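Visitor: Hi! Could you walk me through this one?
Guide: Happy to, let's bring it up.

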Amino acid sequence: MIAIVDYGVGNLASLEAALHRAGAEDVRVTRSHVDILAAKAVVLPGVGRFGHCAGELRRLGLDVMVRVAHDRGIPLLGLCVGMQLLFNESEEDPGTPGLGLCRGRVRRLRGDVRVPHTGWNQVRIVRPHPWLAGVPDEAYFYFVHSYAVEPVDDGAIVATVDHGGAVIAAAGSGGTLGLQFHPEKSGAMGTSVLRSFVRATAA
Amino acid sequence: MSTMLSKRVIPCLDVQDGRVVKGTRFVDVRDAGDPVALASRYDREGADEVVFLDITASIERRRTVVDLARRVAESLSIPFCVGGGIGSVDLAAAILRAGADKVALNTAAVRRPALLGEIAARAGSQAAVLAIDATKRNGGYEVVVEGGRISTGLDAIEWARRGVAAGAGEILLTSIDRDGTRDGFDLELTARVADAVRVPVIASGGAGSASDFVELFTTTGSDAGLAASIFHSGEVVVSDLKRALAGRGVRVRPSAEAA
């Protein structure tokens, strides 16, 4: 079973449908602590303000459960603000810490470009990751965000995208990966990423 | 601007009581009036996004528009926006919860701009699209509502700025003068609004051919072009349009990837 962490934030209906399209048979949108620890893989969505997301996750006690799942080695996929939550903190809401599973902070997009960064942009993979296997270099994915992660460790950077300079599009290591783009909204290419994730973790 | 961000092509479907209103070319689609089947078709052709404009007037409207969002979310693999008569945060939230990525507000935002911020606070500014219908008047552009029947006295460029300040994360800009004419997008209007705000601007109204999209993207700072009838009639096929744009040096997501 793949658990989509339901803390009242994000386009959960689309995410669930996309995972089914990608071949997942058992997907549960859940805030049950039992489900999250019993899952073969956990997806952490997120949209809107970092502080609101981090706060709601904490209020429901789900920050602890995601951390425990991570410590037990359950594969964890963070999407958009769900990716940003994996890190220590965000410039958007400095008072509200993230999960700190990846070292680094989240900063506002810079440069003479439109913000939010909205639309399809080309992703450059800089370090192979099994869930992105089969994605051709410079494939297009759908982005919509105003902030992006800046990992402390360059080795955690998996993919970048150019919007006013290099922006981190994917980061993490091993069984934990954050994607700044929305694979559930990225057409056939997005479905193929989710399919790799489903096959690698929940098959 | 340094970005590899591509320009978006967006088909728009007018929906009434859960059915597509205007005729379409897709004879092989079993139910050409089904918005889900048609949107899926555009998805496969390489559309970057789909906008649904719900014009249902009955008291069933709330149920049908939420149901539409739910059904579309189950099949579509690209983002979609729902607009038309959304006047409350509750309805906007219900549509977003059902699976829409964005809601577009028009008249309701003119009446009460704070609605944009209230939606943005709940779902993020990217989900709050300000739809502006504008008409040329006295050398400037005026905002009109109710399909152009009612003038607001608002300057379109100024209203775009205010809407963004109020919380809108994107502008869907329609030239009422060009809408349905196929004379091309209103480039002056589009350029002025795109230059006035930092959020993405979707141009709408007047698209008649692929070259209108080329002109839009090569002469204005807009991020996306929206059209309805030319796609529905089959005069312009999304995948052909993408190829034409790429051939003219406009960065687009190739349709082959979406196939």
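**Where the chains meet**

Guide: Chain A puts 35 residues into the contact and chain B puts in 31 residues. Keep in mind that this is a predicted model.

Visitor: Which elements of chain A give two or more residues to the side that touches chain B?
Guide: They are helix H1 (12–21), strand E7 (117–125), strand E8 (139–145), strand E10 (157–162) and helix H6 (187–202) of chain A. The largest share comes from E7(A), with 6 residues.

Visitor: And how many nonpolar, polar and charged residues does that side of chain A have?
Guide: The side of chain A that touches chain B has 15 nonpolar, 15 polar and 5 charged residues.

Visitor: New topic: which residues of helix H4 of chain A are buried?
Guide: In H4(A), residues 62–71, the buried ones are Leu62(A), Asp63(A), Met65(A), Val66(A) and Ala69(A). They lie on the same side of H4(A), because their arc around the axis is only 165°.

Visitor: What covers the buried residues of H4(A)?
Guide: The cover includes strand E1 (2–5), helix H2 (33–38), strand E3 (41–44), helix H3 (50–59) and strand E4 (76–79) of chain A. After H4(A) comes Gly73(A), with a positive phi near 85°.

Visitor: Over to chain B. Which residues of helix H1 are buried there?
Guide: Pro35(B), Leu38(B), Ala39(B), Tyr42(B) and Asp43(B) are buried in H1(B), which spans residues 35–45. Here the arc around the axis is only 145°, so these residues sit on the same side of H1(B).

Visitor: How do H6(B) and H7(B) cross, left-handed or right-handed?
Guide: Their crossing is right-handed. The axes of H6(B) (residues 156–166) and H7(B) (residues 187–196) come within 9 Å and cross at roughly 35°.

Visitor: Which residues make that contact?
Guide: H6(B) brings Ala156(B), Ile157(B), Ala160(B) and Arg161(B), while H7(B) brings Leu189(B), Arg192(B), Val193(B) and Ala196(B). By class, that contact has 6 nonpolar, no polar and 2 charged residues.

Visitor: Last one: which residues touch the most other members of the largest nonpolar core?
Guide: That core has 157 residues, and the ones touching the most other members are Val5(A), Val42(A), Val50(B), Val103(B), Ile132(B), Ile171(B) and Leu173(B). Leaving aside neighbours within four places in sequence, Ile132(B) is in contact with Val143(B), Ala156(B), Trp159(B), Ala160(B), Ile171(B), Leu173(B) and Thr174(B).

Definitions and conventions. Residues are numbered from 1 along each chain as its sequence is written. Chains are lettered from A and ligands numbered from 1 in the order in which they are written. This is a predicted model: local features need pLDDT of at least 70, side-chain atom pairs count only at pLDDT 80 or more; totals for chains, interfaces and linings use all residues. Two residues are in contact if their C-beta atoms, placed from the backbone, lie within 7 Å. Helices (H or I, at least four residues) and strands (E, at least two) are DSSP runs, numbered from the N terminus. Ala, Val, Leu, Ile, Met, Phe, Trp, Tyr, Cys and Pro count as nonpolar, Asp, Glu, Lys and Arg as charged, and the others, Gly among them, as polar. A residue is buried if 20 or more other C-beta atoms lie within 10 Å of its own, exposed if 12 or fewer, and partly exposed in between; C-beta atoms are placed from the backbone. The arc is that of the directions from the helix axis to the C-beta atoms. A nonpolar core is a set of buried Ala, Val, Leu, Ile, Met, Phe, Trp, Tyr and Cys residues joined through C-beta atoms within 7 Å. Axes are lines fitted to C-alpha atoms, for helices over the stretch in contact, and angles run from 0 to 180 degrees between N-to-C directions. A crossing is left-handed if the near helix is turned anticlockwise from the far one by less than a right angle, and right-handed if clockwise.
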